Amino acid sequence: MTSERSVESDLQQAPLPHLVSIAGNVLNSRWNALLSQEHGVSVAGMNVLLALSRGSGTHTEIARRCRVHVSTLTGVVDTLARDHLVDRLRDTVDRRKVLLVLTPRGKEITERVGSVLSQAPPLTPGLPDPEHEAIIRRFLIDTILFDEFDEREATRARIADAESGEGQQGR
């Protein structure tokens, strides 16, 4: 058995979460190479640029869109600002707020990368048929949102417990 067949055989036996993790690592490596070599931006930086392409926002809002902690975002934004891809602007209504916005150069890079990704699958062997793509997309979105759902449910449960506990103490 060739080494390639052995690897494929091992992958066939692997649990789905393990496959998703491995595929994520492979795609992240390819994505990083494409972005850094051809566009001079990191994966984390591109995630921020893509989030900002959907509209400006505060550090907290953009961190939430990128699914990272605010402290992680700060260093990424520092680099993007240094490279003139993102500007930090004071909110005109609430001067305490700092909004992150794409610069024209940041918008250009975001559009270029978006165009590359929509035309050809540079990171994968090919696009799945539309039916499979929908299933894969739904699985990945559900996976990404799973923790948020758990946290919302846990918060609701804590609130319900606190309210029921308060009601019992007042009797």
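These questions and answers walk through the predicted model shown above.

Visitor: What kind of model is this, and how are residues numbered?
Guide: This is a predicted model, in which local features need pLDDT of at least 70, side-chain atom pairs count only at pLDDT 80 or more, and totals for chains, interfaces and linings use all residues. Side-chain values use heavy atoms, with hydrogens and water left out, and residues are numbered along each chain as its sequence is written, from 1.

Visitor: How many helices and strands are in the protein, and in which pattern?
Guide: Helices (H or I, at least four residues) and strands (E, at least two) are DSSP runs, numbered from the N terminus. The protein has 7 helices and 3 strands. Along the sequence the pattern is α-α-α-β-α-α-β-β-α-α.

Visitor: What is the strand order in the sheet, and which strands stand at the edges?
Guide: Two strands pair if DSSP finds at least two bridges between them. The sheet is open, pairing is antiparallel, and the order is β1-β3-β2. One side of each edge strand lacks a neighbour in the sheet, because each has a single partner strand; these are β1 (57-58) and β2 (86-90).

Visitor: How many bridges join β2 to β3, and what is the bridge partner of V86?
Guide: β3 covers residues 98-102 and runs antiparallel to β2, with 5 bridges joining them. V86 has its bridge partner in β3: L102.

Visitor: Which helix packs on the sheet touching β1, β2 and β3, and at what angle to β3?
Guide: Contact means heavy atoms within 4.5 Å. Angles run from 0 to 180 degrees between N-to-C directions, with axes fitted to C-alpha atoms, for helices over the stretch in contact. The helix is α3 (residues 43-53), and its direction makes an angle with that of β3 of about 95°.

Visitor: Which helix lies across β2 and β3, and at what angle to β2?
Guide: This one spans residues 70-82. It is helix α5, running to β2 at about 110°.

Visitor: Which residues is V48 in contact with, leaving aside neighbours within four places in sequence?
Guide: V48 is among the residues with the most contacts inside the core. Its partners beyond those neighbours are I62, C66, L73, V76, V77 and L80.

Visitor: Is H84, with its positive phi, buried or exposed?
Guide: H84 is found in the loop between α5 and β2. Its phi is near 60°, although H84 is not a glycine. Buried means under 20% relative accessible area, exposed over 50%, partly exposed in between (1.4 Å probe, protein chains only). At 56% relative accessibility, H84 is exposed.

Visitor: Where is the salt bridge between D142 and R138, and how far apart are the closest N and O atoms?
Guide: A salt bridge is a side-chain nitrogen of Lys or Arg within 4 Å of a carboxyl oxygen of Asp or Glu. D142 and R138 are 4 residues apart, about one turn, in helix α7 (residues 130-169). D142 is partly exposed at 41%, and R138 is partly exposed at 44%. Their closest N and O atoms are apart by 2.8 Å.

Note on methods. A nonpolar core is a set of buried Ala, Val, Leu, Ile, Met, Phe, Trp, Tyr and Cys residues joined through side-chain atoms within 4.5 Å.
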